[in-house]
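These are my notebook entries on one structure.

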Amino acid sequence: MSKIISTHSFRGGTGKSNLTANLAVLVARAGYRVAVIDTDIQSPGIHVLFRLDPSSIKHSLNDFLWGRCSIQAASYDVTASAIGQVDESTDRPRLFLIPSSINAGELARILREGYDVSRLNDGLQDLLSQLRLDFLFIDTHPGVNEETLLSIAVSDSLVLIVRPDQQDFQGTAVAVELARKLEVPEMFLVVNKALAGTDFSVLKDFVESMYRVDVAAVLPLNNEMVEMASGGIFSNRYPEHPFTRELKRVAERILKPVPQPIA
Amino acid sequence: MGNPPPSGTTANTARGVVVQLLSPTNGMVLKTWKIAGKNKISIGRETGCDIEVLDPFVSRKHAELVHNDGKWWLVSQGRNGILVHNLRVEEIPLHGEVTFRLGSAGPEMRFLLEGATESNMATLCVDTAPITIFMVDEAKVQNEVGAITAREEFRRLQEHVRELRRKRQSCG
Ligand SMILES: Nc1ncnc2c1ncn2[C@@H]1O[C@H](COP(=O)(O)OP(=O)(O)O)[C@@H](O)[C@H]1O
Ligand SMILES: [Mg+2]
């Protein structure tokens, strides 16, 4: 069974796109078919990390959902640039990028016109089956808006990224509450950009007790990542880096099946 | 012409030292260690180091402060080296306050002799816990959540989602 994972943060700049791209690569490398829906095209989005030329993007998720194009036309195979050469005789690992231009305005229209969550869900289920995906990541817009709510609604798992910062803490609390009300089966936090000198285990305990949500990792502010400036996939360039090791722990967590509620 | 005493011995009892971890953004003190009664102080990422610095650019055993020949020395150990005034050093005597960096991309630290600094320590020392200043205003959260969940769209979404998850579970 495939798994849909939404990554979300209260504000931009938390590292959501970088973390999502890295997690998608690490999960794919474990031998899976993975796709990332990039809804955050405005700010340097995931297509930059995967070195996908924006001018080559002709169709987006919306076109597929509205029946205007096939999924092949809206998805871009980035396996070669994100993972490297793979054995062509097997169909795993594979990594796809699906640009999306679902914006707040369009969503409002969708909701008004009764394009409900079931239809989005059906669309995503088609996507899963046509690309034969094992994992689908959705890089959501920052902040709580309709799109976030829809993403959470169709997800099996929600990964909230938070910086040790007052505004992030406050805003994330709202997302946690809403996710609870939408009964998302799995939710965990990743603290990113923690400063050296902070006691990471204290920070982890503190955040967990504040939200009553597991913290999968506390990731440090990392100079090499700053220098890369979204110029590529960190875990590819620094596979042995302690930061990559922490990311792998988050990836392992995602690889686990979704906990099923007891009926 | 006596040789200096072997490293780590007490020629005269070592004065206590203060080591501070500085913020990369504003140079504020993020953490302070005060260590007395030791002639050898380890600095590194590894648990068990006297001065444990959790930073990916810090080696597990990065450096040592060694009291030798009546003064403190900073001695590099890991591959990442130590920088003082942007120059890489293997070992350097510490006569007073010295700021050094653990590796070219690592955090900046400050060395001070205990006592010499007590007066300005009070204003400088912020000590670790910047964590607890992040608090969530529960009332504000409930307000915002309430405003969203009271909307008709949200209730519809909630219903749909419940149904969806039921369906997926029964066919999954
Ligand atoms: N742990 C980290 N340490 C240092 N820089 C980071 C870290 N995580 C992300 N960044 C940097 O922060 C910037 C914003 O990251 P991005 O992934 O685009 O955030 P978002 O998608 O949340 O807006 C990028 O330049 C990225 O390289
Ligand atoms: Mg982004």
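**Entry: ligand 1.** I began with A:Met225, where a backbone N or O atom lies 3.5 Å from an oxygen atom of ligand 1. For A:Pro220 I noted a backbone N or O atom at 3.0 Å from a nitrogen atom of the ligand. For A:Asn18 I noted a polar side-chain atom 2.7 Å from an oxygen atom of ligand 1. I then looked up the cover: taken alone, ligand 1 exposes 560 Å², of which the protein buries 87%. These areas come from the Shrake-Rupley method with a 1.4 Å probe, and for residues only the protein chains shown count as cover.

The elements that give two or more residues to the shell are α1 (16-29), β7 (186-194) and α11 (223-228) of chain A. The largest share, three residues, comes from α1(A). Helices (H or I, at least four residues) and strands (E, at least two) are DSSP runs, numbered from the N terminus. Of the 16 residues around the ligand, A:Gly13, A:Ser17, A:Asn18, A:Asn192 and A:Asn222 come nearest; a residue is near if one of its heavy atoms lies within 4 Å. I sorted the shell into five nonpolar, nine polar and two charged residues. In this sorting Ala, Val, Leu, Ile, Met, Phe, Trp, Tyr, Cys and Pro are nonpolar, Asp, Glu, Lys and Arg are charged, and the others, Gly among them, are polar.

**Entry: basis of the values.** I record that this is a predicted model, in which local features need pLDDT of at least 70 and side-chain atom pairs count only at pLDDT 80 or more, while totals for chains, interfaces and linings use all residues. Residues are numbered from 1 along each chain as its sequence is written, chains are lettered from A and ligands numbered from 1 in the order in which they are written, and side-chain values use heavy atoms, with hydrogens and water left out.

**Entry: A:Thr20.** I placed A:Thr20 in helix α1 of chain A. A:Thr20 counts as buried because its relative accessibility is 0%, the class being under 20% relative accessible area, with exposed over 50% and partly exposed in between (1.4 Å probe, protein chains only). Leaving aside neighbours within four places in sequence, I found A:Thr20 in contact (heavy atoms within 4.5 Å) with A:Thr7, A:Val36, A:Ile46, A:Phe137 and A:Asp139.

**Entry: A:Thr140.** Where does A:Thr140 lie? I found A:Thr140 in the loop between β5 (135-139) and α8 (146-154) of chain A. A:Thr140 is buried, at a relative accessible area of 1%. Its side chain makes a polar contact with the side chain of A:His8 (2.9 Å). A polar contact is a pair of N or O atoms within 3.5 Å; within protein, one must be able to donate a hydrogen and the other to accept it, and residues adjacent in sequence count only if both atoms are side-chain atoms.

**Entry: A:Ala173.** I located A:Ala173 in helix α9 (residues 166-181) of chain A. At 6% relative accessibility, A:Ala173 is buried. Not counting residues up to four places away in sequence, A:Ala173 touches A:Tyr211, B:Val136 and B:Val141.

**Entry: chain B.** I counted three helices and 11 strands in chain B. Of its 172 residues, 44% count as buried.
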